[in-house]
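Keep the structure in view while reading.

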Amino acid sequence: MSGDNNSFVRKEMISERIPPTTERGLVKWVRENLFSSAFNAIMTFVSLWFIYSLVVAAAPWFLNGIWDAETVRECYDLLDGKSGACFAVLNERFPQLIYGFKYPSSEYWRPNLASVLLLVALAPILFRKLPRRLLAFSAVYPFLAFWLIWGGSILTSVSAFLGCVIAIVCYSRFSSRSFAIAVLISLIAANVWWIIGGYIVDLNDSILALKDVPSRDLGGFMLNLLLGTIAVCLSIPLGIALALGRQSDMPIIKWICVFFIEFIRGVPLITLLFVANVILAFFFPPGTSLDLILRVLIMMTFFNAAYIAEVVRGGLAALSKGQYEAADSIGLDYTQSMRFIILPQALKISIPGIVNVSVGMLKDTTLVSIISMFDLVGMIRGPILSSTDWNGVYWELFGAAAAIFFVICFSVSKYSQWLERQLETDRR
Amino acid sequence: MNTSELARRDKFQFSMLLNDKRYRSYTFQFFALFILICAMAYLGKNLLENLAAAGLNISYSFLGEPSGYDINQRLIEYNSQSTHLRASIVGVLNTLLVAFLGCIAATFFGVTAGILRLSNNWIVAKLMMIYVEIFRNVPVLIWILIIHSVFLAFLPQPKAFRGENPEATMLWDAFAFTGRGFYIPKPIFNDGSLIVIITFILSIIGVFAFRYYARQKLYSEGKLLETRWTSVAIFFIPTILIYFALGNPITLEYPELKGFNFKGGIHARGSLISLWFALSIYTGAFIAEVVRAGIQSVDKGQSEAAGALGMRPNFIMNLVILPQALRVIVPPLISFYLNITKNSSLALAVGYMDITGTLGGITLNQTGRAIEAVLLLMLFYLVISLSISAIMNVYNRSIMLKER
């Protein structure tokens with residue numbers, strides 16, 4: 001009421017006082033994160049000591065590294081008793097590590113181009129924000145890559161591709177009538193085309209022909225990447241089919257799938273590679289000889305498919321029963337309900353698992369070195385380490401191999417985590 | 001009219017085999033079986049023709065023939081005159097040995113790293129993250145080869161232990177870590193050692209019986225017995241008493257440097273050691289992630305609720321957190337144990353003679369019996385895998401959440 005109020009009223013807040021030095025900035029962080037208790041302090045010092053001794057041991061080795069030498073002896077001469085790496089081997093044998101020792105050096109551009117295009121083909125599959133039209137290139141890519149890497153006439157790839165197109169066209173024409181009939185007709189049509197196409201290819205095999213590179217000339221990291229990519233791509237559909245078969249209520253089909261999955265998962269990959277190496281040939285008609293790479297691919301696909309089947313089965317089991325019942329109640333048949341209701345959801349859940357299994361597959365491709373194929377590890381253990389020039393340069397070579405695999409596998413697993421978060425937001 | 005009448009009314013037609021849900025599954029199964037049998041018959045025919053063409057047959061008689069090769073790392077008596085079967089058994093035991101050791105060490109590495117990754121010490125947590133990522137993302141074969149060459153390069157050769165001022169010394173005069181492998185004391189069992197061992201086993205059983213009794217007592221009468229020190233006492237005292245009463249029946253044979261090499265004691269070859277270490281540190285990285293996930297999966301409210309009930313911290317850990325975390329941890333842990341067993345087949349890369357190296361390696365190459373040898377090899381791994389997954393299923397059922 002009265003205008004002259006003498007009592008003091010503060011109009012503005014007092015600004016916050018700065019916290020004590022021990023409670024702010026770097027000091028606070030160090031106190032909380034490194035020295036919060038006596039035990040923690042000890043752990044911090046142990047870790048620091050560990051890092052220090054690692055750096056002291058490794059730094060001169062890296063810094064003194066020789067990048068330019070012809071042989072390991074020249075390396076040692078240059079080092080002159082100092083501790084140091086002989087990275088020169090990576091320099092000198094780089095093509096061997098990447099392409100193997102038989103791939104013609106004039107043709108290195110082909111695998112290079114194929115691997116760049118691989119990234120382009122993978123992009124629309126990995127990132128759903130990219131335009132869907134790019135998927136067309138992904139569909140063409142396998143045939144293109146085959147032509148690029150193995151060479152020969154482009155007609156082989158074109159004919160194989162056309163066969164697939166014919167199969168898909170037939171399927172979509174007849175799929176409205178019956179799934180089984182559509183599959184049967186498309187299979188027949190494709191095979192008929194492939195037989196006809198085979199003759200056409202044989203007639204003129206010089207159109208756009210690249211230099212033939214037989215499978216046994218493939219090697220190095222290219223072989224790892226090739227085996228890993230193909231096995232993963234082929235095993236995903238097979239794995240989904242096996243998972244569906246295992247869930248099926250038809251006992252015979254179910255038991256075939258269960259037997260297959262459990263058998264493959266029960267044995268180490270190396271025994272399957274033995275099968276590919278020494279046994280599988282016995283099961284083909286007499287007189288035919290199948291590439292070792294092809295045989296290994298068959299076994300690796302089976303191996304990966306069994307693991308993917310288990311991941312997908314987990315995804316199928318994670319769906320609530322209501323989804324299956326809802327699909328039934330709106331009158332969808334088995335194929336439709338799987339295609340439109342169940343699989344989209346189940347696969348979404350199992351994508352991270354599938355990616356993990358596939359990274360494992362890529363890592364496991366190194367096992368082919370044990371059946372004396374010259375992949376990255378096989379090249380190192382075989383031609384490079386046993387050569388008199390580079391005898392005894394273990395660290396640099398295995399370190400480089402480990403680094404290559406680390407970069408790829410780590411980025412794929414980071415991608416998988418990113419994808420998991422993306423899908424998480426979708427479900428909300 | 002009910003459904004059975006309806007079913008009787010429409011007559012059976014052939015189109016129903018494909019269009020009627022009741023018959024369609026039989027059609028599919030029939031075709032699946034038919035195709036499977038055809039494929040089997042085709043493959044079998046090819047196999048027989050190929051075998052006939054190569055002049056081979058399927059026979060396991062090679063298992064009874066003398067093997068003619070030596071195995072340096074073995075748990076049972078074996079020489080080059082022993083049969084291929086015995087070589088395979090040596091291999092089986094070697095596989096089981098490295099798998100068993102690997103499981104223990106991998107659990108140790110994994111649990112340590114998993115717990116430390118959750119530490120509130122920033123630098124330790126980051127170090128453990130680096131360990132996990134580096135080991136998970138590089139093929140195990142490369143790790144085995146790298147660690148093998150680390151052992152060869154950094155451990156001293158036996159000759160370094162010689163002389164007045166040796167470059168290397170034995171640990172407590174009992175353990176020698178050399179580039180050729182580890183030498184550790186070997187127990188010698190004299191007369192009466194059997195009694196000591198039996199006493200030891202009985203006291204282990206005694207500990208479990210006592211704990212069971214204590215739990216029953218707790219549930220029925222509400223009395224909490226002291227278990228920790230009593231268990232320790234039951235575990236050690238009878239065995240030690242018997243051991244001294246019988247006059248030291250079990251003695252140790254120490255490795256000694258004789259000439260250029262160590263003699264006596266147990267010699268674990270470098271290949272075994274590096275394979276063991278590589279497998280366990282590689283799998284440990286995976287186990288660390290599982291352990292971390294398991295501990296994080298237990299809701300914080302659980303420990304707060306237990307605290308609100310007035311439980312002491314170690315009771316909270318033992319009775320509330322661990323049982324729930326283990327439910328998440330154990331199933332993947334067992335499948336990692338299985339992975340160690342399967343990955344131990346990579347012993348081939350470092351020359352450790354496990355089953356893959358004996359039966360699938362030298363025996364196969366010497367006899368040329370590829371089909372038989374690989375089949376036996378797969379059978380062995382299958383038996384192990386299936387029995388472990390059977391155990392796992394039993395365990396899973398026993399810890400499954402009891403819901404509705």
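## Where the chains meet

In this predicted model, 43 residues of chain A are in contact with 47 residues of chain B; contact means C-beta atoms, placed from the backbone, within 7 Å. On the chain A side, H2 (38-63), H11 (251-266), H12 (269-279), H15 (334-364) and H17 (394-427) each supply at least two residues. Helices are DSSP runs (H or I, at least four residues), numbered from the N terminus. H17(A) gives the most, with nine residues.

This side of chain A divides into 31 nonpolar, ten polar and two charged residues. Ala, Val, Leu, Ile, Met, Phe, Trp, Tyr, Cys and Pro count as nonpolar, Asp, Glu, Lys and Arg as charged, and the others, Gly among them, as polar.

## A helix pair in chain A

H10 (residues 220-247) and H13 (residues 292-318) of chain A pack at about 45 degrees, with axes 6 Å apart. Axes are lines fitted to C-alpha atoms over the stretch in contact, and angles run from 0 to 180 degrees between N-to-C directions. The angle makes H10(A) oblique to H13(A); oblique is what remains after under 35 degrees (roughly parallel), over 145 (roughly antiparallel) and 65 to 115 (roughly perpendicular).

The residues of this contact comprise 19 nonpolar, five polar and two charged.

## A helix pair in chain B

The axes of H5 (residues 122-136) and H9 (residues 270-297) of chain B come within 8 Å and cross at roughly 120 degrees, and H5(B) and H9(B) are therefore oblique to each other.

## Notes on the model

Residues are numbered from 1 along each chain as its sequence is written, and chains are lettered from A and ligands numbered from 1 in the order written. In this predicted model local features need pLDDT of at least 70 and side-chain atom pairs count only at pLDDT 80 or more, while totals for chains, interfaces and linings use all residues.

Key. Two residues are in contact if their C-beta atoms, placed from the backbone, lie within 7 Å.
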